[in-house]
Amino acid sequence: MSDEEVLESEEEIPEEDIVEDRIYVVPLGKAWVSPRKKRAPKAIRVLRAFISRHMKTDSIIIDEAINEKIWDRGIEKPPRKIRVRAIKNREGVVTLRLAEGK
C-alpha cells in the first residue's frame, strides 16, 4: 500500500457533514453457519446487513482495514465479532472504520 492510499483511507470526514456517529460490536456468528470456504465473504454480507438495518441506509462504504481484519486469518476463520465505527453523512452514505481500542 502506497503513502497516498494510506492518506486517503485515514482522511477525516469534516464534522459539519457528519449526521450520525456510532460504535457497534457486530456479531458475525451467522457466517460460521456457511461452508468453510465461504465464511469470510458471508461475514462481509452479514456486516453490511447489520449496518444497513441499524443505520437505515443501503449506501455503505467499508474501510480497507475492516476488510483486512475479516480476511486476516483466511477465508475459513473470520472473527466471531468485530467492533466498528459507523459514520453517516448528509447524503445518507455510511462509512465503516475500525473502532479504536480492542
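1. K56 is exposed, with a relative accessible area of 68% (exposed means over 50%, buried under 20% and partly exposed in between, with a 1.4 Å probe and protein chains only). K56 lies in the loop between α2 and β2 (60-62). Its phi is near 60 degrees, a positive value in a residue other than glycine. Most residues other than glycine have a negative phi.

2. The model is predicted: local features need pLDDT of at least 70, side-chain atom pairs count only at pLDDT 80 or more, and totals for chains, interfaces and linings use all residues. Residues are numbered from 1 along each chain as its sequence is written, and side-chain values use heavy atoms, without hydrogens and water.

3. V46 belongs to helix α2 (helices are DSSP runs of H or I with at least four residues, strands runs of E with at least two, numbered from the N terminus). V46 is buried, with a relative accessible area of 12%. Leaving aside neighbours within four places in sequence, V46 is in contact (heavy atoms within 4.5 Å) with P27, L28, K30 and A31. V46 and L28 are 18 residues apart in sequence, yet 6.5 Å apart in space, C-alpha to C-alpha.

4. The axes of helix α2 (residues 39-55) and helix α3 (residues 64-71) come within 9 Å and cross at roughly 135 degrees. Axes are lines fitted to C-alpha atoms, for helices over the stretch in contact, and angles run from 0 to 180 degrees between N-to-C directions. The two helices α2 and α3 are therefore oblique to each other (angles under 35 degrees count as roughly parallel, over 145 as roughly antiparallel, 65 to 115 as roughly perpendicular and the rest as oblique).
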